[in-house]
Amino acid sequence: MARVESFELDHTIVKAPYVRAAGVETSPQGSTVQKYDLRFLQPNEDSLPTAAVHTLEHLLATYLRDEVEGIIDISPMGCRTGFYLILWDLHEPEEIAVALEKTLKRIIETVDVPAVSALECGNYKDHSLFSAKIYAENVLNQGISRDPFKSIF
């Protein structure tokens, strides 16, 4: 059976919110891809509502690219407690955490969500900027740990 890194993480001992380097893949040609776990909520205690996660996805996909070079994708976790960030090359957790903090501050100030028409989005009616702002503010207020097993406070 294939190994899935996120299924091997003990979700009962992590302390959200955090940024965690979750894996590195290198191709035979030498290209490197890195995965980050951007955890907003404590696993098995809470989850982002679909409209909030959808809006956060649009805003993170747009704003994080302004902060970090080499982003391939930002995708919500199926458990709705955070997002996966996929990047070219290696990045330090501190770089990603600082970029996420800047991005969440920008989300709080956002007036319009990008790409929310039927042409641009596959479920354009399911968005909540109001909720996205609340979750962004909650994460910032709690602080983003660089160590998934230690709370920032």
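Which residues touch the most other members of the largest nonpolar core? The legends below take that up, starting with some notes on the model.

This is a predicted model, in which local features need pLDDT of at least 70 and side-chain atom pairs count only at pLDDT 80 or more, while totals for chains, interfaces and linings use all residues. Residues are numbered from 1 along each chain as its sequence is written, and side-chain values use heavy atoms, leaving out hydrogens and water.

**View 1. The largest nonpolar core.** L38, F40, F83 and L85 touch the most other members of this 32-residue set. A nonpolar core here is a set of buried Ala, Val, Leu, Ile, Met, Phe, Trp, Tyr and Cys residues joined through side-chain atoms within 4.5 Å; buried means under 20% relative accessible area, exposed over 50% (1.4 Å probe, protein chains only). Helix α2 gives the largest share, seven residues.

**View 2. Around L38.** Beyond its neighbours within four places in sequence, L38 is in contact (heavy atoms within 4.5 Å) with Y18, V19, L64, M77, G82, F83, L85, I96 and L100.

View 3. Buried residues of α4 are L129, S131, A132, Y135, A136 and V139. Seen down the helix axis, they fall within an arc of 160° (taken from the directions from the axis to the C-beta atoms), so they line one face of α4. What covers them includes α2 (50–67) and α3 (93–109). The face turned away from the buried side carries the exposed F130 and N141.

**View 4. The end of α4.** Just after α4, G143 takes a positive phi of about 85°. Helices are DSSP runs (H or I, at least four residues), numbered from the N terminus.

Note on methods:
Helices (H or I, at least four residues) and strands (E, at least two) are DSSP runs, numbered from the N terminus.
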